[in-house]
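Hi,

Here is the structure we talked about handing over. Please load it first, then read the notes below.

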Amino acid sequence: MGLLERCRELFGTTDLYGVLGISKQANDSEIRRSYYKVSLQVHPDRAPDDAQATEKFQVLGRLYAILNDNEQRAVYDEQGIVDEENDSLGPNRNWEDYWRLLFPKITVQDISDFEKNYKGSEEERQDLIKKYRQHEGDMDAITAAALCCTQEDEPRIGSVIQAAIDKGEVPAYSAFTQESEQKRKARKKRAEKEEREAEDLQRDMGLDADDSLAMMLKQRQKSREQGFDSFLADLETKYSKPGKAKGGKKGKK
């Protein structure tokens, strides 16, 4: 069965861009980031309960190999077909190695540098506006999904969103403008509980600042797995080297 047919069977569409949740006009960076996020959800190590996880992961690797190659992407865009005989799509290729080549692990220093440059930036503002629209003003969901967000950041995040509302950039969702004090207190209480649990876990496991980034983030966002995945995905795509993984020999189009 060909790649497009496998996409239909596993993801419900033959549109390679649709599988990644992006448009045909997406640039290389957007494709890369979307590929990482989608593949992370079906990575065999992260989706042990999904019997099709390995196959989905392999299909996503083949999909990205096409969109990551200018010639193959052009053929797909123009004709809606893929070159199944291309060596880069071979059945014996190790897609786990390909994935890790594209997304090497980042360090604690990387995350520290990123937080320093990200907070207060225009990129953060745009991300917050996007999440505000996506969650229609629900601050529980916004703070859970926002990058580098702690309880201490909430007043600042609220100010950024309110400024965007005042400028007419976004609608004034009632979930944000009329949020109750009770809901805000409950969110703060949950955050404090998570922080205590993270500190206890760190102490019990004897971890220090030099331990892996993934474990550190697991501690900080123990009850926010979805937020952790998004956070790690964004950071790894930002800090991974931009060079493309080498493809195979081109077959006939």
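Is His-43 buried or exposed? It is a predicted model, so take the answer as computed from predicted coordinates. His-43 is buried, because its relative accessible area is 6%, under the 20% cut-off. The residue is found in the loop between helix 3 (28-41) and helix 4 (53-67). Leaving aside neighbours within four places in sequence, His-43 is in contact with Phe-57, Glu-96 and Trp-99.

Overall layout

The secondary structure of the protein chain comes to 14 helices and zero strands. Of its 253 residues, 41% count as buried. Take the contacts in the chain with a separation of 6 or more: residues 24 or more positions apart account for 68% of them.

Cores

The largest nonpolar core has 31 residues. Leu-16, Leu-20, Ile-31, Tyr-35 and Leu-67 have the most contacts inside it. Two or more residues each come from helix 1 (3-11), helix 2 (16-20), helix 3, helix 4 and helix 6 (95-102). Helix 4 gives the largest share, eight residues. A second, separate core has 13 residues, and Met-139, Ile-157, Ala-164 and Ile-165 are among them. As background, nonpolar side chains tend to be buried together in soluble globular proteins.

Leaving aside its neighbours within four places in sequence, Ile-31 is in contact with Tyr-17, Leu-20, Ile-22, Ala-26, Tyr-64, Leu-67 and Arg-73.

Helix 3

Helix 3 has 14 residues. From its first C-alpha to its last it reaches 20 Å, close to the 20 Å expected at 1.5 Å a residue. At its start, a side-chain oxygen of Asn-27 reaches to within 3.1 Å of the backbone nitrogen of Ser-29. The buried residues of helix 3 are Ile-31, Arg-32, Ser-34, Tyr-35, Tyr-36, Val-38, Ser-39 and Leu-40.

Cysteines

How many disulfides does the structure hold? The count is zero. Cys-7 is buried, with a relative accessible area of 0%. Cys-149 is buried too, at 10%.

Which residue has a positive phi although it is not a glycine? That is Glu-136, with a phi of about 50°. Glu-136 lies in the loop between helix 8 (122-134) and helix 9 (139-145). For context, most residues other than glycine have a negative phi.

Confidence

The protein chain averages a pLDDT of 79, and 73% of the residues score at least 70. Where is confidence lowest, and where is it highest? The lowest is helix 13 (residues 213-220), at a mean of 46. The highest is helix 11 (residues 174-177), at 96. Over residues 209-229 the pLDDT is below 50. Beyond near neighbours in sequence, that stretch has 42 contacts in the model. Residues 246-253 also have a pLDDT below 50, and this stretch has 16 contacts beyond near neighbours in sequence. Where pLDDT is low, the predicted coordinates should not be read in detail.

Best wishes

Technical notes:
Residues numbered from 1 in each chain as written. Predicted model: local features only at pLDDT ≥ 70, side-chain atom pairs only at ≥ 80, totals over all residues. Heavy atoms only, no water. Helix = DSSP H or I, 4+ residues; strand = E, 2+ residues; numbered from the N terminus. Buried < 20%, exposed > 50% of the residue type's maximum accessible area, 1.4 Å probe, protein only. Contact = heavy atoms within 4.5 Å. Core = buried A, V, L, I, M, F, W, Y, C linked by side-chain atoms within 4.5 Å. Expected span 1.5 Å × (residues − 1). Polar contact = N/O pair within 3.5 Å; in protein donor to acceptor, adjacent residues only side chain to side chain. Disulfide = S-S within 2.5 Å. pLDDT = per-residue confidence, 0-100.
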